[in-house]
Amino acid sequence: MEMDERKATILQAIIRNYLETGEPVGSRTISKYTDLNLSSATIRNEMADLEEMGYIIQPHTSAGRIPSDKGYRFYVDTMMEAKDREISEMRTVLLERQDKLEDMLKGVVKLLARDTQYASLITSPSVSRNKLKFIQLSRIDDEHILAVVVKEGNVIKNKVIDVSEPLSEETMLKLNLMLNTQLSGMSMDDISLSMITGLKAQAGTHSGVIADVIDAVAESISADEDLKFYTSGTNNILKYPELSDNSEKAGNLINTFEEKEGLEVLMGGDLDETSETGIQVLIGSENKVEGMEDCSVVTATYDLGDGMKGTIGIVGPKRMDYDKVVGTLKSLKNGLDELYKKDGTKGSDQ
C-alpha cells in the first residue's frame, strides 16, 4: 500500500484532532473534520490501512486511533516541507512587493509636495498586529538551531539559537509540534508564565531551548520595525517668510527632514482613529519637534491590510490651506486603502 492523498488527509486530521484533545480519534469524528465527504465506513477502511502501514495505532481500551511515531514523523515532515515552501514563496513575493511599494511611496510623496506646495513625507508600512503565525525549528549543526518566527502579516524573523548538545531529529520533531500546537495565534500578552512553565516541563532536559525560543518569539513580536521615510518638497517651506527669514530656524527645519530621529518624532503622534476623517492636525507648539513652533503638521494613517500601516504627513506654515491639505490627505488615504484591497495585494515586511 502507498500513502495517497486521501490517506494523508485522514492521517493529518487524526493527528490534529489528537493534538487538540489528547483522546483517541474515531472515524465518525474524522468525517466531521475533513472535506472528503466520505462515509464513516470508508474512513474506517482507510484508517485500517493506515494502521497496517504503521502510521496509527489502536489502544486496546478504545476503538479510536492515535498517531504512532511514524505517523508523527510523516505529519511533521509534510508540515515542514509546506512551511519551507511557504517561507520561500513569501520571501520572493516580499522582495518583489517591496520594490514596487518603494516606487509607489516615492511617487506619492512627490505628488503631495507638488499639489500642496508644502513639504511632504510618508513612512513605509509596519506591522501593527503582533501575533505569532508559526515557528519552524531546524538544525544548523550540532551546536546551533535556527528558529524561523513568522508573524501575522507574514513578517519573517530568523534567530540562531545555541544548544549545549546535538538535538536528534525526533527531539526537533517534538519541539516543533509542541511549540506550534501551544503558541500559534498567540500574542506575547497571551503567552502566560504558566504556559511557558508547562512547555518547559514537556521539553524536559531541553527546557533551555524552549526558553531561548520564547525569547526569540518575544524579540520578534516586540521588535521595532525599521521604518523608512520618503520626503519631498523640503524647499517648499522656505517659500514662506515666517519660516525662512531666520536662517537658523530655516536650517533647523531642513535638518529635521534629513535626520531620521526628527522624522520619527514628527510622525510619531497617535492618530485619533475615532475622528470622522482619521486625520490629525498639530498646530504650532502642539507638535513635539523643537524649532517647529511656526509650522503645522497634518498626518493620516494608511492601511494596506494584513495589519500593515504607515503614516502620511504634510508640513507647512501655520497659515497653510487646511481645507485643501485635509481633503488631499483624506483622498490619498482612502485611495491607498482601496487600491490594495481591490487588487488583493497586501503589504508585508521582512
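**Entry 1: strand S3 and its partners**

I began with Thr123 and found that this residue stands opposite Phe229 in strand S8; I keep in mind throughout that the model is predicted. Stepping back to the strands themselves, I noted that S3 and S8 (residues 229-232) pair in the antiparallel sense over four bridges. I then looked up strand S11 (residues 308-317), which also pairs with S3 in the antiparallel sense, over four bridges, and there Ala119 stands opposite Val315.

Next I asked myself how many residues of strand S3 are buried. Five of the five, residues 119-123, turned out to be buried, so the strand is largely enclosed by the rest of the structure. In a regular strand the side chains alternate between the two faces of the sheet, and I therefore checked each side separately.

**Entry 2: Leu177**

I moved on to helix H5 (residues 169-183), in which Leu177 lies. Is Leu177 buried or exposed? Its relative accessibility is 9%, and because buried means under 20%, Leu177 counts as buried. Setting aside the neighbours within four places in sequence, I listed Leu19, Tyr72, Tyr75 and Val76 as the residues in contact with Leu177. For Val76 I also noted the separation from Leu177, which is 101 residues in sequence and 7.5 Å in space, taken from C-alpha to C-alpha.

**Entry 3: salt bridges**

Side chains of opposite charge can pair when their charged atoms come close. Searching the whole structure, I found 11 salt bridges. In one of them Arg6 is joined to Glu46, with the closest N and O atoms 2.7 Å apart. This pair links distant parts of the chain, since Arg6 sits in helix H1 (residues 5-21) and Glu46 in helix H3 (residues 40-52), 40 residues apart. I wrote down that Arg6 is partly exposed at 35% relative accessibility, whereas Glu46 is buried at 5%.

Lys7 counts as buried, at 7% relative accessibility. Which residues are linked in a network of salt bridges? I recorded Asp4, Arg6, Lys7, Glu46 and Asp49.

Finally, I looked up Arg319, which forms a salt bridge with Glu242 at 2.6 Å between the closest N and O atoms. Arg319 is exposed, at 53% relative accessibility, while Glu242 is partly exposed, at 30%.

Methods
Residues are numbered from 1 along each chain as its sequence is written. This is a predicted model: local features need pLDDT of at least 70, side-chain atom pairs count only at pLDDT 80 or more; totals for chains, interfaces and linings use all residues. Side-chain values use heavy atoms; hydrogens and water are left out. Buried means under 20% relative accessible area, exposed over 50%, partly exposed in between (1.4 Å probe, protein chains only). Helices (H or I, at least four residues) and strands (E, at least two) are DSSP runs, numbered from the N terminus. Two strands pair if DSSP finds at least two bridges between them. Contact means heavy atoms within 4.5 Å. A salt bridge is a side-chain nitrogen of Lys or Arg within 4 Å of a carboxyl oxygen of Asp or Glu.
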